[in-house]
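Colleague: Can you walk me through this model? I would like the contacts and the packing, with the cut-offs stated.

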Amino acid sequence: MSHDDRHSADEIDSDREPNVFGDPLKPCSVSPETGYLRDGNCRHIPRDPGRHEICAVMSQEFLEYSRRQGNDLITPRPELEFPGLHPGDRWCVCVPRWLEAEAAGFAPPVVLAGTAEAVLGEVSMNMLREYAHDSDD
């Protein structure tokens with residue numbers, strides 16, 4: 001499936017997709033490309049069962065925790081065009097994994113402007129603010 005085949009017109013409207021502040025969603029990362037659509041945005045996509053909606057700044061602790069849970073984000077996978085992540089990289093994290101990591105004490109910082117408003121149904125704004133990345137741009 002090509003990159004463009006993954007997109008449908010109703011899923012790509014970054015001007016209208018709100019972040020947790022109700023403002024237009026800001027890109028999370030284009031290097032490495034992240035998000036369910038690999039367009040750099042942590043969008044709410046109804047057909048995304050993982051809910052890649054939280055823009056997080058990777059920490060070594062979270063990367064190691066995720067690997068222990070069976071989701072290795074550290075090892076490069078060239079066949080999937082995945083470079084492997086390092087501390088400081090931004091990545092769209094699945095809502096359930098972020099909540100699991102938070103309960104275990106390993107939640108990474110969150111870039112609020114790049115986090116989809118839809119997460120507020122699962123994660124309170126107060127909790128997100130507790131984990132807000134210092135440089136939220």
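Modeller: What follows goes through a helix, some ring pairs, the strands and the salt bridges. This is a predicted model, in which local features need pLDDT of at least 70 and side-chain atom pairs count only at pLDDT 80 or more, while totals for chains, interfaces and linings use all residues. Residues are numbered from 1 along each chain as its sequence is written, and side-chain values use heavy atoms, with hydrogens and water left out.

Colleague: Start with α1. Which of its residues are buried?

Modeller: Helix α1 covers residues 60-68, and its buried residues are Phe 62, Leu 63, Tyr 65 and Ser 66. Buried means under 20% relative accessible area, exposed means over 50%, and partly exposed is in between, with a 1.4 Å probe and protein chains only. Helices (H or I, at least four residues) and strands (E, at least two) are DSSP runs, numbered from the N terminus.

Colleague: Where do the buried residues of α1 fall, seen down the axis?

Modeller: They fall within an arc of 165 degrees, so they line one face of the helix. The arc is taken over the directions from the helix axis to the C-beta atoms.

Colleague: And what do the buried residues of α1 pack against?

Modeller: Against β2 (90-94) and α2 (95-104). Contact here means heavy atoms within 4.5 Å. Just after α1, Gly 70 takes a positive phi of about 100 degrees.

Colleague: Rings next. How many aromatic pairs are there?

Modeller: The structure holds three. Rings of Phe, Tyr and Trp (its six-membered ring) pair if their centres lie within 6.5 Å; planes under 30 degrees apart count as stacked, over 60 as edge-to-face and the rest as tilted. One of the pairs is Tyr 65 with Phe 106: the centres are 5.1 Å apart and the planes are at 20 degrees, so this pair is stacked.

Colleague: Which parts of the chain does that pair tie together?

Modeller: Tyr 65 lies in helix α1 and Phe 106 in the loop between α2 and α3 (125-130), so the pair ties together parts that are 41 residues apart in sequence. Tyr 65 is buried, with a relative accessible area of 6%, whereas Phe 106 is partly exposed at 26%.

Colleague: What about Phe 82 and Trp 91, what kind of pair is that?

Modeller: The ring centres of Phe 82 and Trp 91 are 5.4 Å apart and the planes are at 65 degrees, so the pair is edge-to-face. Phe 82 is buried at 12% relative accessible area, and Trp 91 is buried at 6%.

Colleague: Back to Phe 106. Which charged end sits over its ring?

Modeller: That of Arg 68, 5.3 Å from the ring centre. The rule asks for NZ of Lys or CZ of Arg within 6 Å of the ring centre and within 35 degrees of the ring normal.

Colleague: Now β2. How many of its residues are buried?

Modeller: Five of its five residues are buried. Arg 90, Cys 92 and Cys 94 point one way from β2, and Trp 91 and Val 93 point the other way. In a regular strand the side chains alternate between the two faces of the sheet.

Colleague: How does β2 pair with β1, parallel or antiparallel?

Modeller: Strand β1 (residues 52-57) and β2 pair in the antiparallel sense over five bridges. Two strands pair if DSSP finds at least two bridges between them. Cys 55 stands opposite Cys 92 in β2.

Colleague: Salt bridges, then. How many are counted?

Modeller: Five, where a salt bridge is a side-chain nitrogen of Lys or Arg within 4 Å of a carboxyl oxygen of Asp or Glu. Among them, Arg 43 meets Asp 39 at 2.7 Å, N to O, and both residues are buried.

Colleague: Which residues are joined into one network?

Modeller: Arg 51 meets Glu 53 at 2.8 Å and Glu 122 at 3.9 Å, N to O. The pair of Glu 122 and Arg 51 links distant parts of the chain, 71 residues apart: Glu 122 is in the loop between α2 and α3, and Arg 51 is in the segment before β1. Salt bridges that share partners join Arg 51, Glu 53 and Glu 122 into one network. Arg 51 is buried at 18%, while Glu 122 is partly exposed at 48%.
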